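Dear colleague,

I am passing on the structure below, together with some notes on what was found in it. Please read the notes beside the model.

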Amino acid sequence: MTDRRLALHALWRPGLGLALWPAVDGAAEPPRPDALGELTPLPAGVTDLLAHRRLRHTVEVAEPGGVRALRRAAVVGVPTAVELLDRCEHLTTGGELAFYRYLLAGARAAIAAGAVAPVAQSVDAEVLLRWQPLPTAAWQAWFTVAAAGAPPALRAAGEEPVADFLAEAVDAEVRRRLASAPVLTRVPLIESLSRPAAPALPAESAGRALPAWRDWCDTSRPEGATLVLRLHEPDDDAGDGHNGFGDNGFGDNGFGEATSSVPDPAAVRWRLQVCRRTPDGHIEPVPLHRIDPHDLDAITTELARALAVFDELGRAETDPHSLDYLLSTDAVAEFLATGAAAITAAGVTVLLPRTIAEVSPTLGLRAAGLPGGGNRPGLVGLDEISDFEWRLALGEGPEAVPLSQEDLDELARQHGDLVRIRGHWVRAENAALSRAASFITAQRALAAGGARPDMAELLAMVTDPDDRLPVPVARVEGLGWLDDIASGGMLRPEPLAPPAGLAATLRPYQQRGLEWLNSLCAIGAGGVLADDMGLGKTVQVIALMLARHEAESDPPGPALVVCPMSVIGNWQRELSRFAPGLRVIVHHGPRRSVDGLASAAADVVLTTFATLSRDAAGLRDLSWDLLVVDEAQHVKNVRTAAAKALRGLRVRRRVALTGTPVENRLEDLRAVIDLVNPGLLGSPAQFRARFAEPIERERDPQALSRLNALTRPFILRRLKTDPAIAGDLPPKNELTVRANLTAEQAGLYQAILNDLHAALADKQHSGQRRRTVLAALTRLKQVCNHPAHYLADGSPMTRRGRHRSGKVELLSDIATTLIAEGDRALVFTQFAAFAHLLSEWLEPVIGTSVPVLHGGLPRTERDELVSGFSADDGPPLLVATLGAGGTGLNLVAANHVIHADRWWNPAVEEQATDRAYRIGQTRSVQVRRFVCVGTLEERIDELIAAKRELSALTVATGEGWLSDLGDDQLFDLLALRDEAVGE
């Protein structure tokens, strides 16, 4: 007996055809070969059509349980698909082929009824004339039912494949029927409708034809009733009516005073009324028991479209006496958010209540009680405010509608986007109104319990609303400075005349710095003055000290200046020069007395970080008006004794001075900001998670924007390249000077590399890898400087009249040349031992003494050395270590800066360069950086130059970051290249 079963799956692919693949139980993919006839038995009636069709296409299908799977399939075109479906009449097939036979029968029924017409369609940039079913009510009703009855595997693809198959089948069937009849016209356009394939319209007529054919076809649409869904608010027993709402939801810019209790949200039901638009344009409820069956069929067909795009309707309660739906408030919120738009896009009209207002809630911060009553002009500090409160409003600006405590209580009892307030329904996305009301209630409860946020917490909330506030802050009343910050700008300081006791004329940018510092002090905030080195941070702070003294009727108390020992003498000189009326005490040295400070009538006390650490207990008992931390990057490690001592002082106002607020990592910035405004940026762990890691690792622009908004008001940074400042400074030229190694240096360099290879290969010492690598790096840098520096054997700088170091030879040539031209130079090195070697070598070469500034000098000797070099008849060269001479010194007598060896941190090197390139320098400055060709110095210099912006955030101080490289990367970086040794 012949097998009459056709075991194939089928799926119509728009633009491709009917995809067929064998129904092989238990096999994810049929085995090879790929021909359908070799994979599954085919009935005799379709063997000639399908036996040799190969599975050359891949289709994605929906398996039971919603799993998506890929299947290899054969694809047949429209004519073959139609013929296959016709031959299946007497075959047993799966549900998919039976479904396509049902669709084909519906297409032929429309053709037989004459309900088809030619339509111009745009396909792949061409306009084609194709036969299509007319969009009558009967056709639309049948199509909706047909698409909803598709087998599960086809239903997942939506209605588009069904509509495309019907369109292709109608066009192919009409053309097949017309082709068999005699052609009675010679009009090419009409004659083309009987051809097997649709030809493209001529380009000159396509643009006019397409809209004309569409308009003509639209005349076939039904003129009967069409579906309208109208949403009604729940019944309101209080009967408030509109109560102040106009067309925009607010009417006269506010709610009415009447209120009504909020019903149980679970019991509230909104009526989504099913209506129809009659031919004369009226909208009326569908009379369930008095409607014509044809119209009812059309209405239910359109309802099916609405149900298909908004699932919530299928789960909603229904009115037993009508077609209406009864929706919960949560369902209405979803309906307003997405459902109404989706249903409208599906061709169903939706009418919404005019009284539901779309609102944008905003927060406001209001100072409730100001000193002396009223809202006095000027800047009001947070520590002066007796009370402040959060407020909630609908909208922004003068049109905003403020909400009362009763309103907040009403909102707090509701949830979701759609809430009822003062008898009216309003909608705000993401349940913003309810969340904002809960936030304000919680803040007022904290304030009542005495847990009012401090300034740092308040600023964090105002400037970072995405993380801390449910809705944005739109206004700040009674706190003008906070309003500036909330709007994302800098603090707008009030004008301030220069202090009468200031013996200096401030440059315009320095005057702005004074006003900014004074305004921060007025609001109880600390600031970081982060001007480039040499722009006069010291004189701006001295002016602030004088301004505070002259503005206070009673002496405000002494200022405490904490700085490195290398600059304490500079502070003493500048105070004496610019503020001779201030009484200054230097708290340093063996004869210092903490007890004496309490009784001394000092205006300014100068001390060092080390002294502060030793005298922390005594200094903590004193009260200070102003704390000034100079070179604040020295206390970026908050665990050091100096950092802890600074945070333990009793101080009214705090100012930090630094030319490099971010020296290596963003944690440096947090430490400095936290010093002057404790808690502003959160704990170290919070800061790393919210800012440091997203910015340093991912360059997250949003995290960077939030950090800038939070820190911008408290950091003032001006660069020497700023147009307002550049005119005050001469040009600066920077160049890298490359030196070759001598043969002796190359031999020592390679020997150190060999020892490092052996040490890292020894697994017994794997736990000391970091120490081993850092020690080797130090030795390699010493070799690049000079063999005598590395060997430390007291050997001479030259041997048999020849230089032993390419760097020293270059340095002697440059030094003699610049001295002959009347110039003077600073020579920086990382090593004190090398500084002394250079000094001893250069003195007989240039015929004069070469002083060395290093960290081991007592303060008096350091001050004398700096003063001597700055004198008109001072020595032409000064050799300094980076640690001792890299910050805080004014050495503008030099107009050349030479970095003999590299610290590999741009910020540190620029600090050293700024000893000469600063306000007061009148000559152009030449900066030279020495590197040895073919060595680690050259490759690290290239690395930093290529990634200078990144190195400022991620390269750790010195060369510690190199020790974290893998062995292969490390030795590739350190390897000695052929070009290293000169001829």
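In what order do the strands of the open sheet of 7 strands lie, and is the pairing parallel or antiparallel? The order is β24-β25-β23-β26-β27-β22-β28, and the pairing is parallel, where two strands count as paired if DSSP finds at least two bridges between them.

Before going further, please note that this is a predicted model, in which local features need pLDDT of at least 70 and side-chain atom pairs count only at pLDDT 80 or more, while totals for chains, interfaces and linings use all residues. Residues are numbered from 1 along each chain as its sequence is written, and side-chain values use heavy atoms, with hydrogens and water left out.

The chain as a whole comes to 39 helices and 36 strands, these being DSSP runs numbered from the N terminus (H or I of at least four residues for helices, E of at least two for strands). Of its 983 residues, 51% are buried, meaning under 20% relative accessible area with a 1.4 Å probe and protein chains only. Taking contacts (heavy atoms within 4.5 Å) between residues at least 6 apart in sequence, 71% join residues at least 24 apart.

To return to the sheet, its edge strands are β24 (584-586) and β28 (715-716), each of which pairs on one side only. Strand β24 runs parallel to β25 (residues 604-608) and is joined to it by 3 bridges, with Val-604 of β25 as the bridge partner of Val-584. Helix α19 (residues 537-551) lies across β22 (527-529), β23 (559-563), β25, β26 (623-629) and β27 (650-657), and runs at about 155° to β27; angles run from 0 to 180 degrees between N-to-C directions, and axes are lines fitted to C-alpha atoms, for helices over the stretch in contact.

Elsewhere, helix α4 (residues 95-112) packs against helix α7 (residues 160-179) at an angle of about 50°, with the axes 9 Å apart. That makes α4 oblique to α7, since angles under 35 degrees count as roughly parallel, over 145 as roughly antiparallel, 65 to 115 as roughly perpendicular and the rest as oblique. The contact includes Phe-99, Tyr-100 and Arg-108 of α4, and Phe-165, Glu-173 and Arg-177 of α7.

Finally, Asp-407 is found in helix α13 (residues 405-412) and counts as buried because its relative accessibility is 2%. Leaving aside neighbours within four places in sequence, Asp-407 is in contact with Ile-421 and Arg-422.

Technical notes
Buried means under 20% relative accessible area, exposed over 50%, partly exposed in between (1.4 Å probe, protein chains only).
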